[in-house]
Amino acid sequence: MSTQPATGDTSENARMASADTALETSRAELDTTLKSIIADILGIDAAQANAMDADSGLFGHLPELDSMAVASLLTEMEDRLGIVIEDEDVEGEMLETYGGLLAFAEAKLIGA
């Protein structure tokens, strides 16, 4: 009985690990880009934007994020991320927290 993994198992595991690493990298890149967009559009300090985590409140929590800023934010997301955001895509939940906005952007990128 051999103690070495079958070749197919090794290559499949390597492929999955590579895909996981690429996904984490793209999530990190999206996180950085989205925080940059928020800082630019809202005129807040980059450090404040970079300190945001999934539970950080957005709409209703940041005075800079009013209804006009939401429109600018979504337009800038379309431009920088290469996505299309339809009116029916926009829901209050996605703007409640940074995590909600990040998940929305990630879903749009996957579907793009």
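Colleague: Which residue caps the N-terminal end of α3?
Modeller: Asp66 caps that end of α3, with a side-chain oxygen 3.3 Å from the backbone nitrogen of Met68. The pair is a polar contact, defined as N or O atoms within 3.5 Å; within protein, one must be able to donate a hydrogen and the other to accept it, and residues adjacent in sequence count only if both atoms are side-chain atoms. Helices (H or I, at least four residues) and strands (E, at least two) are DSSP runs, numbered from the N terminus.

Colleague: What kind of model is this?
Modeller: The model is predicted: local features need pLDDT of at least 70, side-chain atom pairs count only at pLDDT 80 or more, and totals for chains, interfaces and linings use all residues. Residues are numbered from 1 along each chain as its sequence is written, and side-chain values use heavy atoms, with hydrogens and water left out.

Colleague: How many helices and strands does the protein chain have?
Modeller: The protein chain has four helices and zero strands, in the order α-α-α-α from the N terminus on.

Colleague: Back to α3. What should it span?
Modeller: Helix α3 (residues 67-81) has 15 residues and should span 21 Å at 1.5 Å a residue; its end C-alpha atoms are 21 Å apart, which agrees. The expected span is 1.5 Å times one less than the number of residues.

Colleague: And which residues of α3 are buried?
Modeller: They are Ala69, Val70, Leu73, Leu74, Met77 and Leu81. These residues cover an arc of only 135° around the axis, which puts them on the same side of α3; the arc is that of the directions from the helix axis to the C-beta atoms. On the other side of α3, Met68 and Asp79 are exposed. Buried means under 20% relative accessible area, exposed over 50%, and partly exposed in between (1.4 Å probe, protein chains only).

Colleague: What follows α3?
Modeller: Gly82 does, and its phi is positive, near 70°.

Colleague: Where is Ser56 found?
Modeller: Ser56 is in the loop between α2 (46-50) and α3.

Colleague: Buried or exposed?
Modeller: Ser56 is buried, its relative accessible area being 19%. A polar atom of the Ser56 side chain lies 2.9 Å from the backbone nitrogen of Asp53. Leaving aside neighbours within four places in sequence, Ser56 is in contact (heavy atoms within 4.5 Å) with Ala51, Glu96, Thr97 and Tyr98.

Colleague: Changing topic: how many salt bridges are there?
Modeller: The count comes to five salt bridges. The rule requires a side-chain nitrogen of Lys or Arg within 4 Å of a carboxyl oxygen of Asp or Glu.

Colleague: Which residue does Glu106 pair with?
Modeller: Glu106 forms a salt bridge with Arg27, and the closest N and O atoms are 2.8 Å apart. This pair links distant parts of the chain, with Glu106 in helix α4 (residues 98-111) and Arg27 in helix α1 (residues 7-42), 79 residues apart. Arg27 counts as partly exposed, at 36% relative accessibility.

Colleague: What about Asp31?
Modeller: Asp31 forms a salt bridge with Lys35, at 3.4 Å between the closest N and O atoms. Because Asp31 and Lys35 are four residues apart in helix α1, about one helical turn separates them. Lys35 is buried, with a relative accessible area of 8%.

Colleague: Which residues are linked in a network of salt bridges?
Modeller: Asp40, Glu76 and Arg80 are linked in such a network. Within it, the side chains of Glu76 and Arg80 meet at 2.8 Å, N to O.
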